[in-house]
Every structure is written in C-alpha cells, then in structure tokens.
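Here are my notes on the model you sent over.

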Amino acid sequence: MENIGGKNVPVVIATRNAVEQSSDVVSTLPTPDYIYVNDALPAKLKDGQKYIIDYNAYIELAAKGELPSENVFPIFPTPAIPFIGIVKSKVKFLVLKYGTPSEEFLACLKYHPEVVVVCVSSHQNKLAEQRALVHQMMIAGVENPVVFAQMYRFSTDESNENANEPSTKEQFQLAAAADMGALMIDGLTDGLWLMNNGNISQDDVEQTAFSILQAGRLRMVKTEYISCPGCGRTLYDLRTTIARIKEATKGMTGLKIGIMGCIVNGPGEMADADYGYVGAGPKKVSLYRKKVCVEKNIPEEDAVEHLLALIKNDQK
Ligand code: SF4
C-alpha cells in the first residue's frame, strides 16, 4: 500500500505534537515517512510529507470537502472497524491488538487490502503477542502490511545515581531495539512506530526508530561504523580517531567504515566494511578497501585525510 509493505523498506511513523509539527525536529536523519497528528492537521502541510489523522476528524474534513492533500490518511481504532468501508482513502490504518476476535478483523482485512495494520501490545511479553497477531493473519491468508507500534514510559528526569548505569534514553533505546529486533529478524516488519510519554526528545525517539532499522540492515539512512572497543593492542588514540572519522564521514549514507585498533584481529572483525582504518604499529595506520590493504603504515596524524581521499577517489 502506497510505500508500505511488499518490497518497500520499512517505514517510520512518528507522533508529533503541535509544536514539533511546526518547528522541524532537529535530526540528521530523514523525516519520518508518516507523521501522526491526532485529530488536527497543522495549519500548513509540508510538501510531500504524509500525515495520519484520527478517522473521525478525517471524515469531518472529507464531508466538508476540506481535506487539504491526498497525503492525509485516516487511522481507525479497533471499535471503528465498521467505518472502514465507508471512508474513501487509498491507505487506511487500523490499530489492532492480539486477542481481538479474529472474525471481527480478518474479514475486514480481506476486503480492504488498503488497510495497514498498526499492531500494538500492552502485554508483558509484547513480542509474543505481536508475533501471534501476525501469525493469525498469515494463517488466514491475509497479506495487509503490518507496522509495529509501541509506547514507552522512559523519562530523562529519573535520577541516575550510578553513572555506570545506562541513562534512561539508553534504556529506551535498548527496550525498543529488543522488542522490535526479533520481529524484524522474523521478517514481519513493514514499519516502526515508537512513542514515548516521558520526556525523551522526539528527535531521539525518531532517531532510535531509524537506527534500529539500520542495525537490522533493513533500511540504511546513515553512515555505519564498525569499531572495536580497544585493548592493550590498540596502537593509536582510538576514541579521538573515531570522533574525527565520524565527523568527516557522517553524510555518507549507507557506507560502512571499520575503525580497528590493531592489525591482529581488526581486519577479520570488520570483514563486511567498505573501508577499514586499522592500527598497524605504534602511531601507524593501514587503510583497507573491503578486505584488501591499500595503504600501509601511514603516520597516525595523516591517516584520516588519507582515508577521506581514498573514499573520494572511489567516488563514494
Ligand atoms: S581489534 Fe585489536 S585492538 Fe581492537 S579490541 Fe580486538 S585485539 Fe584489541
């Protein structure tokens, strides 16, 4: 449907409040494919941006002939299934939870391939419940796309007494990745919709959704870095170098760069990188293109520039 499901990369849906809708969320990543706006559209819609609005607000706008764009789509809660057939839209979203009587929604999905299921769960074992709903659909031969949605309650206000513990932002990222990762590996994910009702910034929530998809190799939206943690064998200043390389290459979407401390284990551990930056001796670095060493023993202070020149020469 539209750009969801089939061979499309998984979409990202985001809930933005009125302030976030009008002032762009600061992000180095793409804008979410769909923005959910509750029951009111922003005064000015962005060109090409797709919006999701509550079905009753959608019906009201459509009845008055005031739907401002064909990029506005309705979302229906489960009890509103009977209204799906009477609303005209090339894509419709339906919120579903495992446990809803299957006769209620399977017939609807069969007759309405334009419906995208938004699969939610409040169960302790969300993964199993969300998986079970998709299995119900598969057994019934229903092929509507499925977006997995999840609300989290992490907040950065909680005091973090132990600096070694993950921050609440990190806890949110870990929880979302753990919940969504298995569904992605199952091949069930046509989209992600992460929400947070704490005070984690909307930018962090959206970046997390894109990053989870990138980590699962389902959608590449930024440069990928593969790095070792460093150990006694590390022969140069690994942390500073990682920061310098990240800064210099952050716009190279989809490129994988390995940054490894030593030549003993580094080349093997970054085997799927496009380029590698590997410690070769005290303050000396070797550069790799894929698995092939192309420059040896460059002085550490010149090596980042050599890496950038290598990528540039390859017209990446
Ligand atoms: S790649 Fe080399 S430097 Fe990095 S952690 Fe492994 S052994 Fe240590």
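Predicted model: local features only at pLDDT ≥ 70, side-chain atom pairs only at ≥ 80, totals over all residues.

Which residues touch the most other members of the largest nonpolar core?

1. In its largest nonpolar core, which has 50 residues, Leu109 and Leu194 touch the most other members. Taking leucine 109, and skipping neighbours within four places in sequence, the contacts are Leu94, Leu96, Val115, Val117, Met137, Val142 and Asn144. Another core, of 24 residues, lies apart from the largest one, and its members include Cys228, Tyr236, Ile259 and Ala303. As background, nonpolar side chains tend to be buried together in soluble globular proteins.

2. Now for the helix that carries Leu109. Helix α3 covers residues 102-111, and Phe105, Leu106, Cys108 and Leu109 are its buried residues. Looking down the axis, these fall within an arc of 165°, so they line one face of α3. Glu103, Lys110 and Tyr111 are exposed on the other side. As for packing, the buried residues of α3 sit against β5 (92-97), β6 (115-120) and α4 (126-139).

3. Helix α2 (residues 55-63) is worth a look too: Tyr55, Ala57, Tyr58 and Leu61 are buried there. Their arc around the axis is only 160°, so they end up on the same side of α2. The cover over them includes β3 (50-54) and β4 (72-76). Just after the helix, glycine 65 has a positive phi of about 70°.

4. Of the 316 residues, 47% count as buried. The C-alpha atoms fill a box of roughly 70 × 45 × 40 Å along the principal axes. The domain assignment gives domain 1 as 11-215 and domain 2 as 224-315, and the C-alpha centres of domain 1 and domain 2 are 38 Å apart. Among contacts between residues at least 6 apart in sequence, 52% join residues at least 24 apart.

5. On to the ligand. Which residues are around it? The list is Cys228, Pro229, Gly230, Cys231, Arg233, Thr234, Gly261, Cys262, Asn265 and Gly266. By class, that shell has four nonpolar, five polar and one charged residues.

6. Is it buried or exposed? With 16% relative accessibility, cysteine 228 counts as buried. Its place is the loop between β9 (224-227) and α7 (238-249). Beyond neighbours within four places in sequence, cysteine 228 makes contact with Leu238, Ile259, Met260, Gly261 and Glu269. Aspartate 33 is 195 residues apart from cysteine 228 along the chain, and their C-alpha atoms are separated by 33 Å.

7. Last one: methionine 252, in the loop between α7 and β10 (256-260). Its relative accessible area is 22%, so methionine 252 is partly exposed; the cut-off for buried is under 20%. Not counting residues up to four places away in sequence, methionine 252 touches Lys222, Thr223 and Ile311. Tyrosine 36 is 216 residues apart from methionine 252 along the chain, with 29 Å between their C-alpha atoms.

Methods. Residues numbered from 1 in each chain as written. Heavy atoms only, no water. Near = heavy atom within 4 Å. Nonpolar A, V, L, I, M, F, W, Y, C, P; charged D, E, K, R; others polar. Buried < 20%, exposed > 50% of the residue type's maximum accessible area, 1.4 Å probe, protein only. Helix = DSSP H or I, 4+ residues; strand = E, 2+ residues; numbered from the N terminus. Arc of directions from axis to C-beta. Contact = heavy atoms within 4.5 Å. Domains from an automatic or database assignment. Core = buried A, V, L, I, M, F, W, Y, C linked by side-chain atoms within 4.5 Å.
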